[in-house]
Amino acid sequence: MCKSRSDALASTPASRRRSPSSSAAASTTAASSTSFATASTSTGPRHTANTTASSSSSRSSRSSQAAARASLPSPLLLYPFQELSAATNGFLSKRDPSAAYWRCSLRGRDAALFQLRALAGLTAKDASAALASTARYHHASLAPLLGACLAGPHVYLAYQIPSGAATLAACLQSRTASSSSNKDTGLNPVLGAWLSRVQVAADVAQGLDYVHTHANAAHGRVFPSTVLLVPDPALHATLTHFGASQFAQADDATAAAAAQSDDVRAFGVLLLQLLSGEAEASRHRFDRTTKEFARVSVVDTAAEALTTGRVKTWVDRRLGDSFPVSVAEKLVEVALRCASPDDGAPEMAWVAGKVSKVYVESRAWEHQLQRSDGFSVSVAPR
């Protein structure tokens with residue numbers, strides 16, 4: 001069970017800490033300001049002007065400090081188990097089927113609450129240290145971690161999410177993803193445009209690059225179920241579960257020890273799922289030779305499509321022919337380079353750069369399409 005109190009556990013970045021020398025310097029500056037104000041008292045009318053200017057400057061400084069404090073992320077918390085239970089109606093609230101999380105409100109914030117198996121021997125002190133470590137890193141493509149709770153064999157992790165968010169898995173499963181009346185996901189549109197899918201790929205790639213490069217860590221849980229699509233003000237993607245490897249055991253779908261190369265391979269598979277519209281990483285296909293159904297992966301079908309020049313027909317049919325085939329082929333090549341088990345995984349920085357370049361090319365393609373007279377770029381049948 002969790003502690004009965006909530007402990008604020010935000011770590012203080014080095015840039016915000018004040019060393020003794022800086023404090024002494026501040027005291028010296030303050031003393032100088034005081035002496036200056038005292039000396040000005042005997043100068044008659046000038047004293048009033050100086051006092052007014054000093055007061056105005058002080059108010060401006062306090063306002064700037066208040067604005068800076070307001071922009072800082074809230075401290076991460078160790079939630080009491082009772083609070084999480086109350087927020088989820090005793091954990092009886094319906095969980096999101098595509099990601100198995102409870103959507104709830106915690107202290108006025110919309111949250112996705114995940115239940116994971118806690119690391120063996122994890123203590124409240126360990127959780128506090130893990131929260132402090134995670135709190136140092138922030139990126140637009142990473143859903144903010146609000147806090148954690150230890151309860152028996154489980155650890156609960158709460159991530160902040162916008163009210164209209166839906167998982168990539170849910171959007172891929174939806175057969176009406178391009179419909180403006182899609183009630184399953186609440187996104188309008190979701191994945192009905194090529195540029196939207198490339199935007200999602202770029203967001204996830206940049207988030208992972210940040211985790212690898214700046215946090216010097218591995219995410220460990222890169223799946224469509226951990227990617228949230230946020231529609232407002234423009235469609236973008238965020239990754240949940242950042243920091244989860246410090247709290248939770250690996251599940252059946254992850255390696256025992258999270259590694260950055262595993263993240264790269266997982267991203268390659270996720271990218272192929274995003275392009276093909278396949279909600280699952282593998283499926284069954286009828287083999288005409290053996291007359292049986294054989295299990296094939298999205299990596300296999302993508303490699304076959306690229307080799308035979310059939311990427312155009314392999315890409316999700318919900319896009320119709322509204323995508324640049326040559327650009328799609330480049331993205332498939334990047335994905336296969338990441339997902340191939342035979343070759344060493346590339347660095348995530350390289351991957352993010354390639355995906356960003358594809359995004360720029362896709363933007364140029366869409367701009368050219370908008371300038372046309374409404375004719376489709378590709379009119380040949382699939």
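Thr-88 is found in the loop between helix 3 (81-87) and strand 2, where helices (H or I, at least four residues) and strands (E, at least two) are DSSP runs numbered from the N terminus. The model is predicted, so local features need pLDDT of at least 70 and side-chain atom pairs count only at pLDDT 80 or more, whereas totals for chains, interfaces and linings use all residues. Residues are numbered from 1 along each chain as its sequence is written, and side-chain values use heavy atoms, with hydrogens and water left out.

Thr-88 counts as buried because its relative accessibility is 1%; buried means under 20% relative accessible area, exposed over 50%, and partly exposed in between (1.4 Å probe, protein chains only). Apart from neighbours within four places in sequence, Thr-88 is in contact with Ser-93, Trp-102, Cys-104 and Leu-113, contact meaning heavy atoms within 4.5 Å.

The open sheet consists of 5 strands in the order 1-4-5-3-2, with mixed pairing. Its edge strands, strand 1 (77-78) and strand 2 (101-106), each pair on one side only; two strands pair if DSSP finds at least two bridges between them. Strand 4 (residues 145-151) and strand 5 (residues 154-160) are paired in the antiparallel sense over 6 bridges, and Gly-147 has Ala-158 in strand 5 as its bridge partner.

Helix 10 (residues 325-339) has 15 residues and should span 21 Å at 1.5 Å a residue, which agrees with the 21 Å between its end C-alpha atoms; the expected span is 1.5 Å times one less than the number of residues. Its buried residues include Val-327, Leu-331 and Cys-338. The buried residues of helix 10 pack against helices including helix 6 (194-213) and helix 11 (348-371).
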